[in-house]
There are 4 protein chains.
Amino acid sequence: MTQYPLPKLKLPDIDAFLRRDFPQLYVHGEIFSVQAIGHGTCRMRMAYHESQLRPGGTLSGPAMMALADVALYVALLGAIGEVPLAVTTNFSINFLKKPDPCAMIADCRYLKIGKRLAVGEANLHSEGDDALVAHVTATYSIPR
Amino acid sequence: MTQYPLPKLKLPDIDAFLRRDFPQLYVHGEIFSVQAIGHGTCRMRMAYHESQLRPGGTLSGPAMMALADVALYVALLGAIGEVPLAVTTNFSINFLKKPDPCAMIADCRYLKIGKRLAVGEANLHSEGDDALVAHVTATYSIPR
Amino acid sequence: MTQYPLPKLKLPDIDAFLRRDFPQLYVHGEIFSVQAIGHGTCRMRMAYHESQLRPGGTLSGPAMMALADVALYVALLGAIGEVPLAVTTNFSINFLKKPDPCAMIADCRYLKIGKRLAVGEANLHSEGDDALVAHVTATYSIPR
Amino acid sequence: MTQYPLPKLKLPDIDAFLRRDFPQLYVHGEIFSVQAIGHGTCRMRMAYHESQLRPGGTLSGPAMMALADVALYVALLGAIGEVPLAVTTNFSINFLKKPDPCAMIADCRYLKIGKRLAVGEANLHSEGDDALVAHVTATYSIPR
């Protein structure tokens with residue numbers, strides 16, 4: 001396995017960064033939390049909250065997309081540091097199974113971090129159940 | 001051009017359906033509104049609202065994804081009627097330019113509506129500006 | 001509609017370019033031909049040939065992908081000129097219906113042509129039948 | 001880790017199947033070979049051959065797409081047996097680095113194998129080098 005270098009941002013840094021630059025994540029309370037960050041990796045948790053739900057108590061697709069998008073952004077910052085102008089250029093998600101009515105975990109890693117583009121993937125599963133609920137690949141454009 | 005049949009649901013029906021089954025769309029007020037619905041087509045508007053924003057006043061990626069997802073769902077219902085179990089299986093978005101700080105429009109149409117799968121596309125642009133901000137393709141699985 | 005500028009390359013130029021730089025397109029004969037090129041647009045034809053087939057006489061998925069990839073490349077050259085180092089970074093195809101056993105047409109246009117990235121789409125249909133067989137979106141990275 | 005059941009098809013079966021139903025794979029000789037097959041997994045090799053090349057000796061994008069498409073198909077057959085009507089509905093590839101001028105390996109696994117849809121991923125790398133060259137996700141529709 002590749003030996004990854006240390007993350008450019010640590011957990012308290014990223015927490016402060018998100019609260020300052022992404023206040024919308026906290027508009028419904030403490031729903032999103034970073035559980036681990038590495039050099040191009042991240043584990044993020046989304047609490048189960050009624051603002052994320054569809055009829056029948058299932059998590060909405062856009063809620064899962066929001067989780068994956070921010071988790072992939074955090075993982076990228078773990079590799080390149082606080083570069084606020086990195087922008088998503090492509091985001092593609094496959095929904096694989098109905099999520100359980102509980103918190104959701106996104107595990108992210110980067111397949112490539114180049115000078116101009118970074119490509120990452122996120123595996124989403126219900127907390128306490130390893131079965132994949134959704135799989136994301138996304139591309140970020142990194143400013144010079 | 002193909003002559004499309006009439007929509008299976010009309011504007012008041014879809015509005016009532018969304019308020020009943022997608023109350024989360026209205027949690028921040030009257031942000032999402034269906035402007036037109038046809039047989040596999042839809043125009044939906046997302047008002048500019050602080051819950052959708054990123055630093056600098058730009059619309060967040062997940063807000064645009066949420067708009068496209070619900071607009072494509074509405075367009076599908078316009079073709080197949082109120083089938084609440086249709087589920088997104090794939091959703092892929094390309095972000096093309098920074099959106100203006102104003103309302104956003106999603107224009108949707110379906111490329112295919114089969115017995116089991118439907119594939120649609122959504123073009124997103126800022127209200128009053130035809131330049132594409134994002135382009136989405138998505139696949140929905142239709143229950144028997 | 002947008003008034004597009006003239007193409008940077010004309011039909012004889014692109015034909016000569018493909019024969020010189022993409023000889024593999026011609027290894028089975030005159031299968032691929034550019035029918036029209038514009039500034040970010042292209043219509044390309046792939047003749048029906050046994051090297052492209054799957055059991056039952058249907059065109060193979062990879063044959064359609066090859067057609068779309070080269071057609072999108074040609075359309076990009078029509079906008080930016082002969083830049084041989086533009087590379088595909090993402091290519092996503094939805095297959096919509098079984099193609100007829102005949103020639104296939106790819107119609108391409110670009111949704112965005114930026115300084116670093118270009119995003120195009122291709123609509124594939126059987127010759128003489130407007131019904132979509134496949135839809136492609138692809139991203140190209142443009143060297144400085 | 002999940003304990004996978006045995007494959008429904010073994011290496012000699014799949015080899016015979018491909019030669020019978022996919023003769024186009026062999027039109028330039030023994031270029032494609034299945035190195036391993038499991039229940040929803042497959043390792044496939046594509047020899048370095050001039051029919052796959054682009055200017056400068058690099059492998060063409062469509063050649064890599066063809067490798068991934070057939071490898072994912074083989075991995076699916078390893079899970080569901082010889083179901084010749086399974087069709088690709090979506091195929092999405094991210095190109096990550098320039099491949100070396102040598103044979104290429106595709107390692108596939110399935111994220112989901114449902115009754116109607118299967119979603120797999122393929123990691124492509126140059127033989128003898130673990131660095132990812134491309135990453136694919138694809139969806140297959142399984143007939144009843």
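## Strands across the dimer

Two strands count as paired here if DSSP finds at least two bridges between them, and strands are DSSP runs of E with at least two residues, numbered from the N terminus. In this predicted model, β3(A) and strand β3 of chain B (residues 87-95) run antiparallel and are joined by five bridges. To pick one spot, A:N94 has B:N90 as its bridge partner in β3(B).

## Ground rules

Residues are numbered from 1 along each chain as its sequence is written, with chains lettered from A in the order in which they are written. Local features need pLDDT of at least 70, side-chain atom pairs count only at pLDDT 80 or more, and totals for chains, interfaces and linings use all residues, while side-chain values use heavy atoms, with hydrogens and water left out.

## The interface

Contact (heavy atoms within 4.5 Å) takes in 22 residues from chain A and 22 residues from chain B. The copies meet through the same surface, because 100% of the interface residues of chain A are also interface residues in chain B.

Definitions and conventions
Helices (H or I, at least four residues) and strands (E, at least two) are DSSP runs, numbered from the N terminus.
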